[in-house]
Amino acid sequence: MNFAKLLTPQAVKVLSSATSKKRLLMDLGELAEGAYNLNAQRVCEALIAREALGPTGVGHGVALPHARLEGVEEVTGLFVLLEKPVDFGSVDRQPVDIAFALFAPENAGVEHLKALALVSRTLRDTGICSKLRANPSPNTLYTILTEAEIVKAA
């Protein structure tokens, strides 16, 4: 499992429109529709349903919303950097400015967990998060994410 497999350059965006958690989830739905041809409303509803089980804000300004969706054939992701942090109900009560959403097939097993672990492990690295926050260009963000694991492996 690696970021290049999870993420396409079209699935990376800097958002200025997100003013709330719900708006962010709606934006993620729209981005999923554009990047992966998923139904934006269904994506948003699935993310909201998952959040109802407990917030996916993991702390330090990072959220990892995720859902299993009908029609998804392999685990895919979206990365967004928010220009203005939003309250996400995170465990540390800090607002979120980095969100990495994951979508998995309904019957996904270990692949979904591997992807979640990879993203979580990478975004716990304060150096990587600092680089992401300092580079508000989608192409640069994609490069930072896809090269992060190469550097860690070396």
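Select Val 62 to begin: this residue stands opposite Ile 98 in strand β6. Val 62 belongs to strand β3 (residues 62-63), which pairs with β6 in the parallel sense over two bridges. Strands here are DSSP runs of E with at least two residues, helices are runs of H or I with at least four, and both are numbered from the N terminus. Two strands pair if DSSP finds at least two bridges between them.

The structure is a predicted model, in which local features need pLDDT of at least 70 and side-chain atom pairs count only at pLDDT 80 or more, while totals for chains, interfaces and linings use all residues. Residues are numbered from 1 along each chain as its sequence is written, and side-chain values use heavy atoms, leaving out hydrogens and water.

Next, select strand β4 (residues 66-69), which pairs with β6 in the parallel sense over four bridges. Within this pairing, Arg 68 stands opposite Ala 104.

Now display β6 itself. Because 10 of its 10 residues are buried, β6 is largely enclosed by the rest of the structure; buried means under 20% relative accessible area, exposed over 50% and partly exposed in between, with a 1.4 Å probe and protein chains only.

Proceed to β5 (76-86). Seven bridges join β5 to β6, and the two run antiparallel. Thr 76 stands opposite Phe 103 in β6, and Val 80 has Ala 99 as its bridge partner. Eight of the 11 residues of β5 are buried, so this strand too is largely enclosed by the rest of the structure. Strand β1 (residues 12-15) also pairs with β5, in the parallel sense over four bridges; there, Leu 15 has Leu 82 as its bridge partner.

In the loop between β5 and β6, select Ser 90. Is this residue buried or exposed? At 5% relative accessibility, Ser 90 counts as buried. Setting aside residues up to four places away in sequence, Ser 90 touches Gly 57, Gly 59 and Val 96, where contact means heavy atoms within 4.5 Å.

Finally, turn to the aromatic rings. Rings of Phe, Tyr and Trp (its six-membered ring) pair if their centres lie within 6.5 Å; planes under 30 degrees apart count as stacked, over 60 as edge-to-face and the rest as tilted. The count by this rule is two aromatic pairs. Phe 3 and Phe 100 form an edge-to-face pair because their ring centres are 5.6 Å apart and their planes at 70°. This pair links helix α1 (residues 3-6) to β6 (residues 96-105), across 97 residues. Ring pairs join Phe 3, Phe 79 and Phe 100 into a cluster.
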